[in-house]
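Have a look at the model before reading on.

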Amino acid sequence: MTTRELMAAGTRLCGRMIRSEPRLFAVSLGGACLVVLLSIGGAFVIGAVVADVVAPMLDSGRADAGLLAFAAAVLVGLSALKVLGIFSRRLGAVHLQQSLQARQRKRIVRKYLSLPPAWHRDNPTGALLSNASSDVDAAASPAGSLAYAMATVALLVGALLALFAVDWTLGLVGLVVFPGLITVFAAYSRRVAPRHRLSQATRAQVTALAHESFDGALTVKVLGRADHQTMRFAAKVDELRATLVSIGRARAWHDPAIDALPQLGTIAVLVVGAWRCEQGALGLSELTTAAFLFALLDMPIRAIGWLLGAMPRAVAGAERVDRVLAAADDAPDGARGLGGGPVELRLQRVSVRGLRDVSLRVAPGRVVALVGPTGAGKSTVAAVAARLLPPESGAVLVGGVDARELTAEAHAAAVAYVPQVPFVFQDTVRANVGLDRPGVDDAAIWQALAVARADGFVRALPQGLDTGLGERGATLSGGQRQRLALARALAGRPRLLVLDDATSAVDPVVEADVVAGLRAAHGPAMLVVATRRPTISLADEVVFLDEGRVVAVGAHHELMAAEPGYRDLLAAYDRKVAA
């Protein structure tokens, strides 16, 4: 990205900040403008005080106490107003920056929740955390100095005009400073812009590795690979450190160069001004005013330098945030709803990730079991049925409507999916099952727990529904977590239930009892990935998969009689259970 492109992107970013929080920006800008006006006016007041009050008293050797008190009162009053302006500028800037960050974090998390599961599978959790934290911080970083920098542009213009009004040669000295500012920034941005992009991407990788280390801590410790994982993390941290140090090296010459510009200008003004005084073109009052005006440029030039220095990192962070916000939502425009009543699931010649021309039907109120050897595609079928994975070809119909045309709300209300590895929130049983959904009261929660055969252990918990379950349900066994997840799905009263080996950690007898309870309760239509004979035998229909294809469809006893591969697989399942 060239300096011009970076400046254009930075200008657009600053414009978005102003439009997002116009009132807070106005407060900060108002305070900054007050400081600017008082700074320029103060320069002339100080010049007048020196020339008309202090110098005559020094020449005469007599002090006029009243005149000195009046001059001091004027200067104190100007200082008090300037303090008020500084307070308003800084308060507005802090609120502006924090409000922008809060607004952006809310937007990005809301966007995460609206994106399809397939998008989440392709983006690691660590990268998402980095988007919502460091990238948002980077994108909002110019807000702290934005109003001040914009107001100081007026100060710079006003100071230049004032210098030309004092003496044209001093105005020319002032003009030399500003091309120097742009030259320094151009050289700086060319060096650091690509490094800031690299640093933001590396931050995401570090966060992803840290998250992976936390999640996999037990596995790492059990296998004795703590040193290996630490080395992986350390290597990525060192890479981030090297990138940030390279940015710091560039900043190390940028900031002193920005700081030196007004000081060099002040020296030049004094030299040129002394020469003009010798010629009689300037008086003491004008020279004092000019020197003070140039001294005033110190902080404004620094403020503009801060803003320009923050721009490469801000643009890099904003690009990463915008990439998330621009991702396609779960439901396309014109998405459809779904009518009430039972629904039928149909997969029509679906192909995706190893599946080839898979077709099946789950009629309302029926139970269909997916059976097949490891790698046959059972979980992939379940993911496609639950709209977690879009088909590359073919269609998934829910209630006669293409699942891709349904709104997220309509699909969630009709279809519930329970994975083999459930997620339990660090909250109470009630919050985990109810999820604060409308109409899911305690009676509905207990009913769902009963159908999932989870009411018994929940009643035995110290505080029943109000018992906290720890992080990821650490206080529960694997089977209890699975039954709790099943109860959560049932509490929403879905019309289609997709179970991806969702009771694998439950005792086989209890698993069969759960499926039988669902049928007895006239529950939803079910598509079940099954690996145990009792559960399979309860299904109305079995779909036998192998190598991504549907090999046979029929009742359990029919496949036992007609399919040798099916018989062999069930025999293997039985041996596994017996062992």
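What follows is a set of questions that put values next to definitions.

This is a predicted model, where local features need pLDDT of at least 70, side-chain atom pairs count only at pLDDT 80 or more, and totals for chains, interfaces and linings use all residues. Residues are numbered from 1 along each chain as its sequence is written, and side-chain values use heavy atoms, with hydrogens and water left out.

Q: What makes C14 buried or exposed?
A: The cut-offs are on relative accessible area: buried is under 20%, exposed is over 50%, and partly exposed lies in between (1.4 Å probe, protein chains only). C14 comes in at 10%, so it's buried.

Q: And which label does C33 get?
A: C33 has a relative accessible area of 32%, so it goes down as partly exposed.

Q: How do you know whether A385 is buried or exposed?
A: Its relative accessible area is 0%, so A385 is buried. It sits in helix α12 (residues 378-385); helices here are DSSP runs of H or I with at least four residues, strands are runs of E with at least two, and both are numbered from the N terminus. Leaving aside neighbours within four places in sequence, A385 touches L345, L347, V396, H411, V415, V498 and L527, where contact means heavy atoms within 4.5 Å.

Q: What makes strand β7 mostly covered?
A: In β7 (residues 496-500), 5 of its 5 residues are buried. L496, V498 and D500 lie on one side, with L497 and L499 on the other, and both faces are covered. In a regular strand, side chains alternate between the two faces of the sheet.

Q: How do you know that β6 and β7 pair?
A: Pairing takes at least two bridges found by DSSP. Strand β6 (residues 415-418) and β7 have 4 bridges, in the parallel sense, with Y417 partnered by V498 in β7.

Q: How many bridges join β7 to β8?
A: There are 5 bridges to strand β8 (residues 525-529), and these two strands run parallel. D500 has V529 in β8 as its bridge partner.
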